[in-house]
Amino acid sequence: MYQHGGDIYSNNVKLDFSANINPFGMPYAVKKAAECAIANCIHYPDTYCRELTKGISIKEEIKEEHILCGNGAADLIFRFVLAKSPKKALLLAPSFSEYEAALHTINCHIHYHILQEEYGYCLTEQFLNEITQQTDVVILCNPNNPTGILIEKELLYKIVCQCHKTNTFLFLDECFLDFMANEKEISLKQQIHYNKNIMILKAFTKMYGMAGLRLGYCICSDTTLIQKMRFVSQSWAVSIPAQAAGVAALNETEFVKKTIELIQQEKQYLLSELKNIGIYCYTPSANYIFFKAERGYYEMLLKKGILIRSCHNYKGLCHGYYRIAIKTHEQNKILIEALKEVKKCQK
């Protein structure tokens with residue numbers, strides 16, 4: 001069964017709010033770079049993604065040997081698990097299902113920290129007690145998916161310290177931090193320079209509208225682990241068009257700024273309108289909104305050609321929890337009007 005958003009192929013979808021992709025889509029220069037790169041596809045791709053890795057190194061201020069590119073973030077999650085081969089892992093529930101899927105391939109024992117509704121699905125210091133010397137890997141998503149809730153910075157540093165004490169590896173998915181104006185203040189990227197027990201996951205997918213091209217990267221100062229991850233994959237994981245698109249995307253600073261401004265503006269609009277409708281939302285930090293309502297919203301909106309993410313198949317959730325992407329104002333208005341109609345039908 002398909003576990004994610006973005007399944008526009010199984011239904012007649014006019015508007016997709018289920019996948020958290022940049023509402024502006026792919027920048028023109030990025031699209032053009034991918035198109036032009038088709039002419040070079042007679043050759044095999046550069047397995048080391050040299051030009052792309054150099055560009056990421058400059059942008060992130062990270063050494064090239066600490067960077068590994070992959071066929072989207074999901075590819076790197078599976079590669080990490082295969083290379084690290086943990087026996088016991090600690091995950092949040094709910095959270096992104098690919099972590100669990102990857103760990104199941106190596107029969108890793110998974111312990112779940114269930115996020116509680118009474119705490120607004122926020123991670124609390126209780127989590128620290130579950131990181132023990134028996135925990136090989138902790139996998140976190142910040143902000144979390146699907147809740148969109150950010151881990152408090154002080155707690156995140158306490159988690160890093162606890163992982164250091166117990167010699168536990170911390171895999172931190174920061175793919176959605178790109179949509180936050182204060183991303184540099186929140187990210188743990190700078191810890192990479194002196195902490196070999198942390199890996200940061202990033203992707204071009206969401207910010208640059210490249211879901212179909214597949215491009216992600218991870219950063220870690222444990223070069224032995226990076227090499228292991230390189231060798232557990234097929235040799236040509238990143239296509240020539242994807243590499244070219246990634247190089248072009250690194251120059252799109254104004255596009256990123258414009259996107260962050262739109263997301264902040266439209267986030268407030270959606271939160272206000274959803275509140276007026278009578279729908280309870282959890283405070284979001286990312287480019288999507290997690291909310292609780294009656295059952296049936298997914299099906300009724302789908303009949304109108306609008307696809308949202310039903311979160312009932314996330315561990316720790318049930319029917320009545322949903323996630324919507326933040327899109328353009330015109331698209332958001334269509335969603336709100338449709339939700340008003342659904343709400344009336346529910347009475």
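This is a predicted model: local features need pLDDT of at least 70, side-chain atom pairs count only at pLDDT 80 or more; totals for chains, interfaces and linings use all residues.
Is Ser85 buried, exposed or partly exposed?

1. Ser85 counts as partly exposed, because its relative accessibility is 41%. You will find Ser85 in the loop that links helix H3 (73–84) to strand S3 (88–93). Its backbone deserves a look too: Ser85 is not a glycine, yet its phi is positive, at about 50°.

2. With a relative accessibility of 3%, Cys49 counts as buried.

3. While you are looking at the backbone, please check two proline peptide bonds. The bond from Asn142 to Pro143 is cis, with omega near -5°. Another cis peptide bond joins Asn145 and Pro146, and there omega is about 25°. Pro143 sits in the loop between strand S5 (137–141) and helix H5 (153–166), and Pro146 likewise lies in the loop between S5 and H5.

4. Next, the packing of two helices. The axes of H1 (residues 28–37) and H8 (residues 240–249) come within 8 Å of each other, crossing at roughly 150°. H1 is therefore roughly antiparallel to H8, the cut-off for that term being an angle over 145 degrees. The crossing of H1 past H8 is right-handed. On the H1 side, the contact is made by Ala29, Val30, Ala33, Ala34 and Ala37, while H8 brings Ile240, Pro241, Ala244, Ala245, Ala248 and Ala249. Sorted by class, this contact has 11 nonpolar residues, with no polar and no charged ones.

5. One residue of that contact can be followed further. Ile240 belongs to helix H8 and, at 16% relative accessibility, counts as buried. Setting aside residues up to four places away in sequence, Ile240 touches Ala37, Asn40, Cys41, His43, Tyr44 and Pro45. Between the C-alpha atoms of Ile240 and Thr328 there are 31 Å, and the two residues are 88 residues apart along the chain.

6. Now for the interior. In soluble globular proteins, nonpolar side chains tend to be buried together. Here the largest nonpolar core has 83 residues, and Ile159 and Phe204 have the most contacts inside it. Helix H9 (residues 253–277) gives the most to this core, contributing eight residues.

7. Which residues does Ile159 contact, leaving aside its neighbours within four places in sequence? They are Leu123, Phe127, Leu128, Ile131, Leu140 and Leu170.

8. Last, a residue in a loop. Ser18 is placed between strand S1 (15–16) and H1. Is Ser18 buried or exposed? Ser18 counts as buried, because its relative accessibility is 1%, and the limit for that term is under 20%. Not counting residues up to four places away in sequence, Ser18 touches Gly5, Gly6 and Asp7, as well as Leu307, Ile308, Arg309 and Arg323.

Definitions and conventions: Residues are numbered from 1 along each chain as its sequence is written. Side-chain values use heavy atoms; hydrogens and water are left out. Axes are lines fitted to C-alpha atoms, for helices over the stretch in contact, and angles run from 0 to 180 degrees between N-to-C directions. Helices (H or I, at least four residues) and strands (E, at least two) are DSSP runs, numbered from the N terminus. Angles under 35 degrees count as roughly parallel, over 145 as roughly antiparallel, 65 to 115 as roughly perpendicular and the rest as oblique. A crossing is left-handed if the near helix is turned anticlockwise from the far one by less than a right angle, and right-handed if clockwise. Contact means heavy atoms within 4.5 Å. Ala, Val, Leu, Ile, Met, Phe, Trp, Tyr, Cys and Pro count as nonpolar, Asp, Glu, Lys and Arg as charged, and the others, Gly among them, as polar. A nonpolar core is a set of buried Ala, Val, Leu, Ile, Met, Phe, Trp, Tyr and Cys residues joined through side-chain atoms within 4.5 Å. Buried means under 20% relative accessible area, exposed over 50%, partly exposed in between (1.4 Å probe, protein chains only).
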